[in-house]
Amino acid sequence: MKHIVVLISGNGSNLQAIIDACQQKKINGTISAVFSNKADAFGLERAREAGIPAHALAASEFASREAFDRQLMQEIDAWAPDVVVLAGYMRILSPAFVARYSGRLLNIHPSLLPKYPGLHTHRQVLENGDEEHGTSVHFVTDELDGGPVILQAKVPVFEGDDEDEITARVQHQEHAIYPLVVSWFLDERLKMRHNAAWLDDVQLPPQGHAAE
């Protein structure tokens, strides 16, 4: 059985989608542990409900980002994960952390990368009058939200939309595509080579796999 470790900071809705997919055997693996940098993250409760070990580390207890990440790596490594999944994890990772899990570190970002890296993507879409928005699953590299894109899902932006409506529309797609990408990885169909994503030995284009 392949092992997944998930990192969260908040509600954990993508974590829940991956928990459900594992239970439904859509992912050939199991979530071994969930870690959060916030002790009150609701995602930790989701993990406990599913019988998954849930841990919180407080940044205030560490002298630096590097020290925090060293402890986090030590705790993650105890579970010998095949893949480390960032699901709404809101800390910028140290280079040492990214290097440690290079090629097996996944993230989901609420925009059609390379548009709108960083925070407040839904607000930027509204302010710029975009007619299309979406979400991207990508490998993590040292560049913030800049690693090779694996899969994107697009959603329309309608006149009169507010941030909540767009968020809900994007999250609906996230909950479909993130478990799918995790399953590809654990089935050894997905790899990162030469700073590009490869699926079934075919290099994916910059926008990732084109959904059917």
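Predicted model: local features only at pLDDT ≥ 70, side-chain atom pairs only at ≥ 80, totals over all residues.
Local features are given at pLDDT of at least 70 and side-chain atom pairs at pLDDT 80 or more, while totals for chains, interfaces and linings use all residues. Residues are numbered from 1 along each chain as its sequence is written, and side-chain values use heavy atoms, with hydrogens and water left out.

The UniProt record, an unreviewed entry, carries the annotation "domain: Formyl transferase N-terminal" for residues 3-182. UniProt positions follow the numbering used here, feature names are shortened, and annotations may be inferred rather than shown by experiment. The span of residues 3-182 is 36% helix and 23% strand, and its end C-alpha atoms lie 11 Å apart. Helices (H or I, at least four residues) and strands (E, at least two) are DSSP runs, numbered from the N terminus.

Helix 1 packs against two other helices, helix 2 and helix 6. Helix 1 (residues 13-23) and helix 2 (residues 42-49) have axes 9 Å apart and an angle of about 15° between them. Helix 1 is therefore roughly parallel to helix 2. Angles under 35 degrees count as roughly parallel, over 145 as roughly antiparallel, 65 to 115 as roughly perpendicular, and the rest as oblique. The axes are lines fitted to C-alpha atoms, for helices over the stretch in contact, and the angles run from 0 to 180 degrees between N-to-C directions. The crossing of helix 1 and helix 2 is right-handed. A crossing is right-handed if the near helix is turned clockwise from the far one by less than a right angle, and left-handed if anticlockwise. On the side of helix 1, the contact (heavy atoms within 4.5 Å) is made by Ser 13, Leu 15, Gln 16 and Ile 19. Helix 2 contributes Gly 43, Arg 46 and Ala 47. The contact of helix 1 with helix 2 has three nonpolar, three polar and one charged residues. Here Ala, Val, Leu, Ile, Met, Phe, Trp, Tyr, Cys and Pro count as nonpolar, Asp, Glu, Lys and Arg as charged, and the others, Gly among them, as polar.

The axes of helix 1 and helix 6 (residues 163-186) come within 9 Å and cross at roughly 50°. These two helices, helix 1 and helix 6, are therefore oblique to each other. Their crossing is right-handed. Ser 13, Asn 14, Ala 17, Ile 18 and Ala 21 of helix 1 meet Gln 171, Glu 174, His 175, Tyr 178, Pro 179 and Val 182 of helix 6. By class, this contact of helix 1 with helix 6 has six nonpolar, four polar and one charged residues.

In the unreviewed UniProt entry, the feature "active site" is placed at His 109. His 109 lies in strand 5 (residues 105-109) and is buried, with a relative accessible area of 4%. Buried means under 20% relative accessible area, exposed over 50%, and partly exposed in between (1.4 Å probe, protein chains only). Not counting residues up to four places away in sequence, His 109 touches Tyr 116, Pro 117, Gly 118, Thr 121, Thr 135, Ser 136, His 138, Asp 145 and Glu 174.

The loop between strand 5 and helix 5 holds Pro 114 and His 120. The peptide bond from Leu 113 to Pro 114 is cis, with omega near 15°. His 120 is not a glycine, yet has a positive phi of about 60°; at 48% relative accessibility, His 120 is partly exposed. A positive phi, near 65°, is also found at Lys 25, in the loop between helix 1 and strand 2 (29-36). Lys 25 is exposed, at 69% relative accessible area.

Leu 86, in strand 4 (residues 83-86), is buried at 4% relative accessibility. Its C-alpha atom is 7.0 Å from that of Ile 108, which is 22 residues apart from Leu 86 along the chain. Beyond neighbours within four places in sequence, the contacts of Leu 86 include Leu 7, Leu 93, Ile 108, Val 140 and Tyr 178.

Glu 131 is found in the loop between helix 5 (121-127) and strand 6 (132-139) and is exposed, at 68% relative accessibility. Leaving aside neighbours within four places in sequence, Glu 131 is in contact with Val 155, Pro 156 and Val 157.
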